Amino acid sequence: MIYFDNSATTKPYDEVIDAFAKVSREYYANPSSLHNFGGKVESLVKQARKQLSKLLDVKEKELYFTSGGTEGNNLAIKGTALQYRSRGNHIITTSVEHPSVYEACEQLKQLGFEITYLPVNENGQLQLTDLESAIKAETILVSVMHVNNEMGAIQSIEEVGKLLSKYPKILFHVDHVQGIGKVPLNIHKAHIDFCTISAHKFHGLKGSGLLYIREGIRISPLFSGGNQENKIRSGTENVGGIVSMAKALRLTDEKRKQYLVEMIKIRDYLHSSLNQLSYIEVHSNLLHSAPHIINFSAIGLKGEVIVHALEAEQIYVSTTSACSSKQKTISRTLQAIGVSDEVAEGAVRISLSFENTLDEAKIFMTKLEKILIKLYEVMGEMK
Ligand SMILES: Cc1ncc(COP(=O)(O)O)c(C=O)c1O
């Protein structure tokens with residue numbers, strides 16, 4: 001099996017599963033319980049928070065455990081909107097954000113908020129001049145993703161943060177879900193106020209994540225309840241998920257040091273091999289993209305047909321993002337970079353992990369070429 005769908009989710013590390021199993025089996029008490037069994041479990045959460053804060057170079061009290069990227073993005077955006085509504089009702093984001101940002105903004109629109117979706121250039125990057133001219137007195141939040149989940153485009157988060165630091169009343173949220181562990185981001189240097197992370201994208205478990213909230217910033221909670229996580233995120237903590245997330249991030253950090261060069265080699269090989277095929281259009285730009293994502297279209301073919309043909313060879317890729325791949329909508333990201341709807345319908349995303357090898361990439365290319373030749377023959381229009 002060749003698994004090239006790591007932006008949809010990654011395979012949990014064995015150590016992560018072991019940590020989850022141990023915590024679930026032996027430390028199942030509620031961390032809020034008064035007895036010392038609960039206290040032991042609480043100390044596991046504390047320990048994980050400490051490890052994660054070190055890895056992210058932030059303070060422990062700036063981390064809020066969530067159920068993943070969707071919740072983190074909703075909490076940052078809606079929590080800011082509800083808290084600072086009296087200050088202003090304008091939010092700026094980009095036209096290529098994940099649905100958990102885009103749909104959260106669309107929902108706020110119905111509540112009277114004004115949303116500006118900034119355009120991006122052909123590489124998927126926003127222009128600082130567009131951002132600056134969109135800012136107005138009512139702007140309370142700017143939300144920009146670090147790495148795009150469909151084509152891998154990297155935004156200049158530090159530059160955005162530097163610009164926004166001139167506007168102390170505007171908060172800055174970064175969806176770092178696809179960037180973490182692959183593309184470094186210095187939260188302080190980039191003047192970030194909120195940063196979303198999800199464990200299952202770096203070999204942790206689904207259903208655990210965290211939201212960084214800069215010290216001193218207050219947002220409105222979305223869940224009412226037992227006031228866990230400093231009253232920002234009520235609900236009994238997913239202790240196994242939290243402990244294993246800390247483990248997953250530490251292991252990912254180690255793997256990155258060891259395997260990043262190899263990952264870039266594999267990505268570059270795939271990029272140049274795909275580019276050599278006249279009937280393929282590669283949408284990801286090598287110079288401006290994360291090392292793990294390549295998006296391409298086979299002209300005239302549908303992405304889903306290619307995904308299913310590869311699946312028959314036990315090779316797993318995606319059309320666009322996992323959440324939208326079953327909905328027959330054209331990718332907003334590809335539309336935003338100027339790809340025609342017809343070509344966008346043929347889009348396929350390869351996404352790598354540090355476990356993938358160059359040999360797998362070579363097998364992938366051989367199989368893909370054979371599949372495409374067959375499909376074009378069937379269509380009777382081999383180009
Ligand atoms: C950029 C980005 N943000 C947010 C999410 C949502 O994360 P989760 O699946 O943990 O809810 C994803 C998941 O694909 C993503 O790629």
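1. Let's begin on the surface. Leu-82, Leu-222 and Phe-223 make up a nonpolar patch with about 250 Å² of accessible area together. Patches take residues with over 30% relative accessible area and no salt bridge, joining like charges within 9 Å and nonpolar side chains (Val, Leu, Ile, Met, Phe, Trp, Tyr) within 5 Å. Accessible areas come from the Shrake-Rupley method with a 1.4 Å probe, and for residues only the protein chains shown count as cover. Leu-82 sits in helix H3 and is partly exposed, at 44% relative accessible area. Here buried means under 20%, exposed over 50%, and partly exposed in between (1.4 Å probe, protein chains only). Helices (H or I, at least four residues) and strands (E, at least two) are DSSP runs numbered from the N terminus.

2. A word on the basis. This is a predicted model, in which local features need pLDDT of at least 70 and side-chain atom pairs count only at pLDDT 80 or more, while totals for chains, interfaces and linings use all residues. Residues are numbered from 1 along each chain as its sequence is written, and side-chain values use heavy atoms, with hydrogens and water left out.

3. Now the ligand. Its surroundings comprise 14 residues, the closest being Thr-70, Asp-175, Gln-178, Ser-198 and Lys-201; a residue counts as near if one of its heavy atoms lies within 4 Å. Helix H3 (residues 69-83) gives the largest share of this shell, three residues.

4. Which atoms meet the ligand? A polar side-chain atom of Asp-175 is 2.6 Å from a ligand nitrogen. A backbone N or O atom of Gly-69 lies 2.8 Å from a ligand oxygen, and a side-chain N or O atom of His-200 is 2.9 Å from an oxygen of the ligand. The protein covers 88% of the 390 Å² of accessible area that the ligand has on its own.

5. Finally, the charged pairs. The structure has 18 salt bridges, each a side-chain nitrogen of Lys or Arg within 4 Å of a carboxyl oxygen of Asp or Glu. Arg-49 pairs with Glu-229, with the closest N and O atoms 2.9 Å apart. This pair links distant parts of the chain, 180 residues apart, and both Arg-49 and Glu-229 are buried.

6. Another bridge joins Lys-61 and Glu-215 (3.0 Å, N to O), and these two are 154 residues apart. Lys-61 is exposed, at 55% relative accessible area, whereas Glu-215 is partly exposed, at 35%.

Notes. A polar contact is a pair of N or O atoms within 3.5 Å; within protein, one must be able to donate a hydrogen and the other to accept it, and residues adjacent in sequence count only if both atoms are side-chain atoms.
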